[in-house]
Amino acid sequence: NQAVDLRRSDRYFQQVLDRQDWNEALELIREIDFGTGDADELASLSKRAGSSWLTPDTKRRLEDLEWKRKHYENNTEPCAIRTAKVARGMVANGGSHTARSLVSQALTYAQKASSPPGKMHALDEVFAAAVDTGSRHIACQCEVELLTISQEHATYSDRVAIIGRVIVGMIRLGYEARARQLVDLELTGHLSRASSLVERCISLRSEERRVGKECRSRWSPYH
């Protein structure tokens, strides 16, 4: 019905993120996640519906499962994107440990996406979340898959934009050599501008490290 559709809309989900209600956000993700347990439950309820009368609550549950199967059985992209957004919101507000576990779950959702463009979009979001949370291993997985899939399923301009985001993300994670390699391999047509971007990002990262060391030294109990 209309109330349920509104609750599961991207607009409502964004409102939940804006007020930092992480539990509600995760519940909304579960509501659109059609997993193996849901499939088994749906099969069982469908079998019962064919041979016996169902209570109103059981009937509503059956209808909900049928809705989830119709919209999300082979469409895990929304779960991946929403989970990545929750992780980024959490880490921005100091919840880095929980956020890292969510990034891992977001990657699992993204890898199951059946549509190549949808998978590409999901991996792009998960990569950003992996960088924000410092999940280096997941970021490297996303980088490989994202660059591979975008080679076939992204327009030229979209692929250049994706590569640019990957380069900046790798620098943030400390992989400066990999960033320079990507410029040489992927952005030969934009070499001078891309090289300048890399140098600026590395310079900013070096300044962040310097300031961080200075602060740690200043506030050290042995200072």
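Guide: Let's start with Asp 10, which lies in helix H2; helices here are DSSP runs of H or I with at least four residues, strands are E runs of at least two, and both are numbered from the N terminus. The model is predicted, so local features need pLDDT of at least 70 and side-chain atom pairs count only at pLDDT 80 or more, while totals for chains, interfaces and linings use all residues. Residues are numbered from 1 along each chain as its sequence is written, and side-chain values use heavy atoms, leaving out hydrogens and water.

Visitor: Is Asp 10 buried or exposed?

Guide: Relative accessible area decides that: under 20% is buried, over 50% exposed, and partly exposed in between (1.4 Å probe, protein chains only). Asp 10 has 61%, so Asp 10 is exposed. Now look at Arg 82 in helix H6, which is buried at 5% relative accessible area.

Visitor: How far apart are Asp 10 and Arg 82 in sequence and in space?

Guide: They are separated by 72 residues in sequence, yet their C-alpha atoms are 8.9 Å apart. A contact means heavy atoms within 4.5 Å. Leaving aside residues up to four places away in sequence, Arg 82 touches Asp 10 along with Arg 8, Ser 9, Phe 13, Leu 28, Ile 29 and Ile 32.

Visitor: Which secondary structure does the whole chain have?

Guide: There are 12 helices and 0 strands. Of the 223 residues in the chain, 39% are buried. Taking the contacts between residues at least 6 apart in sequence, 60% join residues at least 24 apart.

Visitor: How should I read a pair of packed helices, and at what angle do H2 and H3 cross?

Guide: Two packed helices are described by the angle between their axes and the distance between the axes. The axes are lines fitted to C-alpha atoms, for helices over the stretch in contact, with angles from 0 to 180 degrees between N-to-C directions. H2 and H3 have axes that come within 8 Å and cross at roughly 155°. The two are therefore roughly antiparallel (over 145 degrees; under 35 is roughly parallel, 65 to 115 roughly perpendicular and the rest oblique). Their crossing is left-handed, that is, the near helix is turned anticlockwise from the far one by less than a right angle; clockwise would be right-handed.

Visitor: Which residues of H2 and H3 meet?

Guide: From H2 come Tyr 12, Phe 13, Val 16 and Leu 17, and from H3 come Trp 22, Glu 24, Ala 25, Leu 28 and Ile 29. This contact holds 8 nonpolar residues, no polar and 1 charged (Ala, Val, Leu, Ile, Met, Phe, Trp, Tyr, Cys and Pro count as nonpolar, Asp, Glu, Lys and Arg as charged, and the others, Gly among them, as polar).

Visitor: How do H9 and H10 cross?

Guide: H9 (residues 136-153) and H10 (residues 156-172) cross at roughly 165°, with axes coming within 10 Å. H9 is therefore roughly antiparallel to H10, and their crossing is left-handed. Contact residues include Cys 140, Glu 143 and Leu 147 of H9 and Arg 159, Ile 163 and Met 170 of H10. By type, the contact has 7 nonpolar, 2 polar and 2 charged residues.

Visitor: Where does pLDDT stay under 50?

Guide: pLDDT is the predictor's confidence in each residue, from 0 to 100. Where pLDDT is low, the predicted coordinates should not be read in detail. The chain averages 82, and 83% of the residues score at least 70. Over residues 210-223, pLDDT stays under 50, and the model has 2 contacts beyond four places in sequence for that stretch.
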